[in-house]
Amino acid sequence: MGFLEQVSAALGTCIDVHESSIQANWKLVIENSLEGYHVPFVHRTSLAKSSEIQFSQDEKDSQDFMPETGHSAVHNHANEKWLQRWSRYQKDIGQWPFMFEHYVHQLVFPNLTVTSFLGYSFHVQHFRPLAHDLTSVHSSIYSTRFDGQSARGKVLMQSIQTENIGFTHQVFDEDKTACERTQRGSAQASRPSIPGEIIEQRVSDFRKTYHRLQKLK
Ligand SMILES: [Fe+2]
C-alpha cells in the first residue's frame, strides 16, 4: 500500500485548521520545506531542539524521489534512546493503524505536503499561489485512531497533541518570516539561485520537474 493510502486509512479527527498567507512566491515556500539545513538557524528554539532529542544523529536520513511525478520524501530515523523512553507509554497510548519509527516529510508534487512523526498525527499543508509574491497556506492537523488506549493514555495523548498544535504554529511563523525575508532578498538578486549539492537535492528535483512540465505546456 502506498504512503498516501496508508495515511488516508489512518486519519482520525481533524484537531486543528490554520489558514494563513505568506508574502512570497509559492515555489519559494515549497522549497523552504524541502531542505533541512535552515532548521538550526530558523527554528533554533523549536524544531532544532526537538530534532536533536527525537531524531537519530547516527543514522543517515533517506530520501525518495519519483522523477516521473516530482513527488519526493525524506525520512529521519527516530533516536533509539528516545524510542525506548517512548515505549514506556505505549501500553497506555495503545496501537494505531500506521505506526513507524521515523519523521517523514512527503511532497505531493507540486503543492501539498504531508508530515508525521511516528504516525500518531499527520500535518497536511496545501500551498496555493495568489500572486507572484503571495501564497495562501491551508494547514490541518489530524489525529489518528487508537486501539487499546487507557484513560491515562487518552489524557497523555491529548496533552501531546495540544503541545503539537502550538509547536506547529510556532514553526509555521518562523518559516513565514524566513520565506518573506528570502522573497525580499530574491527581488534584489541579479542571478538565479543554484541549489546546493546533496543538502538541497529535493529543491533541485522540484525545480527540474517544474521546468520539465513547463516546457510541455
Ligand atoms: Fe522550516
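## Salt bridges and surface patches

Let's start with a pair of charges: the side chains of Asp92 and Arg152 meet in a salt bridge, with 2.4 Å from N to O. Asp92 lies in helix H5 and Arg152 in helix H6, so this pair ties together parts that are 60 residues apart in sequence. A salt bridge here is a side-chain nitrogen of Lys or Arg within 4 Å of a carboxyl oxygen of Asp or Glu. Helices are DSSP runs (H or I, at least four residues), numbered from the N terminus.

Before going on, keep in mind that this is a predicted model: local features need pLDDT of at least 70, side-chain atom pairs count only at pLDDT 80 or more, and totals for chains, interfaces and linings use all residues. Residues are numbered from 1 along each chain as its sequence is written, and side-chain values use heavy atoms, with hydrogens and water left out.

The cut-offs are simple: buried means under 20% relative accessible area, exposed means over 50%, and partly exposed is in between (1.4 Å probe, protein chains only).

How many salt bridges does the rule give? The count comes to three. Another of them joins the side chains of Arg207 and Glu31, at 2.8 Å from N to O. Arg207 sits in helix H7 and Glu31 in helix H2 (residues 26-34), so they tie together parts that are 176 residues apart in sequence. Glu31 counts as buried because its relative accessibility is 14%, and Arg207, at 22%, counts as partly exposed. There is also a salt bridge between the side chains of Lys176 and Glu180, at 3.6 Å from N to O. Those two both lie in helix H6, four residues apart, or about one turn of the helix. Lys176 is partly exposed at 23% relative accessibility, and Glu180 is buried at 16%.

Now for a charge without such a partner. Glu200, in the loop between H6 and H7, is buried yet has no salt bridge. The nearest side chain of opposite charge is that of Arg207, 6.3 Å away. (Lys and Arg count as positive, Asp and Glu as negative; His and the chain ends are not counted.) What does the side chain of Glu200 make a polar contact with? It's the side chain of Tyr37, at 2.9 Å. A polar contact is a pair of N or O atoms within 3.5 Å; within protein, one must be able to donate a hydrogen and the other to accept it, and residues adjacent in sequence count only if both atoms are side-chain atoms.

Ile199 lies in the loop between helix H6 (151-186) and helix H7 (201-216), and counts as exposed because its relative accessibility is 53%. Patches are made of residues with over 30% relative accessible area and no salt bridge: like charges are joined within 9 Å, and nonpolar side chains (Val, Leu, Ile, Met, Phe, Trp, Tyr) within 5 Å.

There's a charged patch too: Asp58, Glu59, Glu80 and Glu101 form a negative one. Glu80 belongs to helix H5 (residues 80-93) and is partly exposed at 48% relative accessibility.

Notes: Accessible areas come from the Shrake-Rupley method with a 1.4 Å probe; for residues, only the protein chains shown count as cover. Lys and Arg count as positive and Asp and Glu as negative; His and the chain ends are not counted. The place of a charge is taken as NZ of Lys, CZ of Arg, CG of Asp or CD of Glu.
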